[in-house]
Amino acid sequence: IQALKHNLARLRESVGDRTLWAVVKANAYGHGLENAVEAFADADGFATIDLCDAERARRAGWHKRVLLLEGFFDETDIEPLQDLDVETVVHSMWQIDILKRLQLREVKVHIKVNSGMNRIGLRWDQVVEFARQISFHRALDLVGTFTHFATADAPETLDFHIQTKRFLEAIQGMRVAG
């Protein structure tokens, strides 16, 4: 736990007052999710892949923001997501279609942009229209947009520059359309 706290403190020094999410997957890579909740108490949010892990974090005492990084996968996830006050990633139009069909309380959403990693996410040139779809639903609150760089450890490469350019174009397009 001390090493995790130390690492978080070093990151906090680097990012200053920016929002700092503790991303916790695979039972905190063997450290234990409950230990991660304790170790990352100074983070602004707790991000995880699975709704069950979000629930475990809440049960372990995490009261700050929680983000479901891959989002939800069917309508049965929405009620628990709302009950646990979990923010969700949206990365596909079928997710918006599900949200439009349901009676919702406020749901905080983050758009995932596929800038080149090609796992999940919207193509950068679809982001503006997608954000418009979100804005038409009164219960949806768009609170963030992010990407996952395939080559973040190699910022000098052409791929990294292309990914960065695509992401920045998507963000700029949202501002202009805003």
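Reply: Gladly, and a term to begin with: helices (H or I, at least four residues) and strands (E, at least two) are DSSP runs, numbered from the N terminus. This is a predicted model, in which local features need pLDDT of at least 70 and side-chain atom pairs count only at pLDDT 80 or more, while totals for chains, interfaces and linings use all residues. Residues are numbered from 1 along each chain as its sequence is written, and side-chain values use heavy atoms, with hydrogens and water left out.

Me: OK, which helix is Ala26 in?

Reply: Ala26 belongs to helix H2, residues 26-29, and its phi is near 50°, a positive value in a residue other than glycine.

Me: Is Ala26 buried or exposed?

Reply: Ala26 counts as exposed because its relative accessibility is 52%, where buried means under 20% relative accessible area, exposed over 50% and partly exposed in between, with a 1.4 Å probe and protein chains only.

Me: And where is Asp85 found?

Reply: Asp85 sits in the loop between helix H5 (78-83) and strand E4; its phi, near 55°, is also a positive value in a residue other than glycine, and at 53% relative accessibility Asp85 counts as exposed.

Me: What about Glu87, buried or exposed?

Reply: Glu87, which lies in strand E4 (residues 87-90), counts as buried, since its relative accessibility is 4%. Leaving aside neighbours within four places in sequence, Glu87 is in contact (heavy atoms within 4.5 Å) with several residues, including Trp21, Arg65, Lys108 and His110.

Me: Switching topic, how do the axes of H6 and H7 cross?

Reply: The axes of helix H6 (residues 93-101) and helix H7 (residues 127-135) come within 11 Å and cross at roughly 10°. Axes here are lines fitted to C-alpha atoms, for helices over the stretch in contact, and angles run from 0 to 180 degrees between N-to-C directions. That crossing makes H6 roughly parallel to H7, as angles under 35 degrees count as roughly parallel, over 145 as roughly antiparallel, 65 to 115 as roughly perpendicular and the rest as oblique.

Me: Last one: how far apart are Thr164 and Gly116 in space?

Reply: They are 9.3 Å apart, C-alpha to C-alpha, although 48 residues separate Thr164 and Gly116 in sequence. Thr164 lies in helix H8 (residues 158-177) and is partly exposed, with a relative accessible area of 23%.
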